[in-house]
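Reader: I would like to learn how to read the features of a protein model. Please take them one at a time.

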Amino acid sequence: VDGRGRRRSRRRRERGEGGFSLYLLRARARVRGAMGMDAHGEATRDRTMVHALRRLGTLETVARAHDAAPGASVDARATIRVLCLGADRHEGTNPRATARAFVGVREAAWRAGVETVSVLCVGPNVKVDDGVDLNVAYDVRDRMSSSSLSSDVPSGAALRVEYRTGLYHDEAPPTLEEAPDVAFAFNAGVWGYDPSDWAPTIERVVIDERTPLVVTSYTLLEAESDEDAMRSSLSEFDDKVKWVWQAEMNPSQSTEVRDLGFDRSDYIDSEKDSSELKENSAWQCVAVRG
């Protein structure tokens, strides 16, 4: 862990790490079933993904790689592969719901020259509606159209989505061509799990598949704990990984403060720590070097 990480750990000890951990564990249990929407009904996960894709330059990279590929059709467009780890009903429980959840990503993709957003939702809490099968890819081809344009002029990429239940590192590894271009783990709480739960998935995504991983958290302090946990799990790869950005506040966080239904002061000093829980309040990104 670098000097910044050591300062974070010391700061958490000064605030009472045990109390803060208990507070977060109870708070996470309270909000686990709630939808990740802010007071204006805008999807914070969609906004976060768009912001991350722009910061990483992923859409442009995918489009350029497609155009430069031997035999690429002049008329064809690229496909971006997005991996959602620890997915649940927030990402949608049927293809059309997922298409709506990714509306901003699809618009940004189309503007960058990407025709299809291919999404894999995987995690032990993945839920699908009746009539939707797991481990089957669904295409949603009715692309969005701008209200100012003809209805046959698309303003958003098509969507392909597949739902899988279980842990990603237990899945058969994809081929190089099928590896995700970017991965997201929303409000993952990496710090609060046994290392055997998240570490193999993080290693597979970041090291084996060379995919940038964006992890969000309910508070900045939780994000710092997540960062410490991930640095520990990737410690043997110190020379291979980098934090594209370390734990920091997410400009695309939800504006809605979670109503926890209990007194935070039972666990933490609220005067010193004003960490109110918001969806995707803080974030970070880890990737391989080079």
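Reading the packing and the side-chain pairs

Reader: What share of the contacts in the protein chain with a separation of 6 or more comes from residues 24 or more positions apart?

Author: Contact means heavy atoms within 4.5 Å. Residues 24 or more positions apart supply 82% of the contacts with a separation of 6 or more in the protein chain. This is a predicted model, in which local features need pLDDT of at least 70 and side-chain atom pairs count only at pLDDT 80 or more, while totals for chains, interfaces and linings use all residues. Residues are numbered from 1 along each chain as its sequence is written, and side-chain values use heavy atoms, with hydrogens and water left out.

Reader: How many helices and strands are there in the protein chain?

Author: Helices (H or I, at least four residues) and strands (E, at least two) are DSSP runs, numbered from the N terminus. The protein chain has 8 helices and 8 strands.

Reader: What percentage of the residues is buried?

Author: Buried means under 20% relative accessible area, exposed over 50%, and partly exposed in between (1.4 Å probe, protein chains only). Of the 290 residues in the protein chain, 50% are buried.

Reader: Which residues of the largest nonpolar core touch the most other members?

Author: In soluble globular proteins, nonpolar side chains tend to be buried together. A nonpolar core is a set of buried Ala, Val, Leu, Ile, Met, Phe, Trp, Tyr and Cys residues joined through side-chain atoms within 4.5 Å. The largest has 37 residues, and Val82, Phe102, Val117 and Val119 touch the most other members. Apart from that core lies another, of 23 residues, including Trp198 and Met230.

Reader: How many aromatic pairs does a search of the whole structure find?

Author: A pair of aromatic rings is described by the distance of the centres and the angle of the planes. Rings of Phe, Tyr and Trp (its six-membered ring) pair if their centres lie within 6.5 Å; planes under 30 degrees apart count as stacked, over 60 as edge-to-face and the rest as tilted. The whole structure holds 2 aromatic pairs. Phe184 and Phe186 are stacked, because their ring centres are 5.7 Å apart and their planes are at 5 degrees. Trp245 and Trp283 form a tilted pair, with 4.7 Å from centre to centre and 50 degrees between the planes. Trp245 lies in strand β7 and Trp283 in strand β8, so this pair ties together parts 38 residues apart in sequence. Both Trp245 and Trp283 are buried.

Reader: How many salt bridges are there?

Author: A salt bridge is a side-chain nitrogen of Lys or Arg within 4 Å of a carboxyl oxygen of Asp or Glu. The count comes to 9 salt bridges. One of them joins Arg45 and Glu279, at 4.0 Å from N to O. Arg45 is in helix α3 and Glu279 in the loop between β7 and β8, so the pair ties together parts 234 residues apart in sequence. Both of these residues, Arg45 and Glu279, are buried. Glu248 and Arg55 also meet in a salt bridge, at 2.7 Å from N to O. That pair links strand β7 to helix α3, 193 residues apart.

Reader: Where do Glu227 and Arg231 lie?

Author: Both are in helix α8 (residues 220-233), 4 residues apart, about one turn of the helix. The side chains of Glu227 and Arg231 form a salt bridge (2.9 Å, N to O). Glu227 is buried, at 0% relative accessibility, and Arg231 is buried at 15%.
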